[in-house]
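Me: I have some questions about the words used to describe a protein model. Please set each value against its definition.

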Amino acid sequence: MMSLYYNQKVSILDTLGMEKYYIKPNKTNYRYKGKVLVREMTEGSKVAYVWGKGIQTYTDKYDVDPRGWIHIHDFTEEQIRALIKEVKNFQDTIG
């Protein structure tokens, strides 16, 4: 499996109905309805995290770290799209 880099992840995330914003010149986050859903995307890196705190009550497909984030460093495009859809649906249910 080939990991996606920053530009590839941005091109996917830009199509998923979230607001992109920059926290530093080379770091990008995305938010949905005011909640940060994707963070720490750095140019030239595979690193990225998706919010997942409490998502285990909705689905058990993902490993959530102790801080409540899902590491998507090695996710495929299809996995990223599916995760963002589930996270947005979960966020909609909890407000």
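Me: Where is Glu-86 placed?

Reply: Glu-86 sits in helix 2 (residues 77-94); helices (H or I, at least four residues) and strands (E, at least two) are DSSP runs, numbered from the N terminus. This is a predicted model, in which local features need pLDDT of at least 70, side-chain atom pairs count only at pLDDT 80 or more, and totals for chains, interfaces and linings use all residues. Residues are numbered from 1 along each chain as its sequence is written, and side-chain values use heavy atoms, with hydrogens and water left out.

Me: Why is Glu-86 called buried?

Reply: Buried means under 20% relative accessible area, exposed over 50%, partly exposed in between (1.4 Å probe, protein chains only). Glu-86 has 13%, so it is buried.

Me: Which residues is Glu-86 in contact with, leaving aside its neighbours within four places in sequence?

Reply: They are Ile-55, Tyr-58, Thr-59, Lys-61 and Tyr-62. Contact means heavy atoms within 4.5 Å.

Me: What makes the buried residues of helix 1 line one face?

Reply: The buried residues of helix 1 (residues 6-13) are Tyr-6, Lys-9, Val-10, Ile-12 and Leu-13. Seen down the helix axis, they fall within an arc of 160°, so they line one face. The arc is that of the directions from the helix axis to the C-beta atoms. Their cover includes strand 1 (19-24), strand 2 (27-32), strand 3 (35-42) and helix 2.

Me: What is the pattern of the protein chain along the sequence?

Reply: The pattern is α-β-β-β-β-β-α, with 2 helices and 5 strands.
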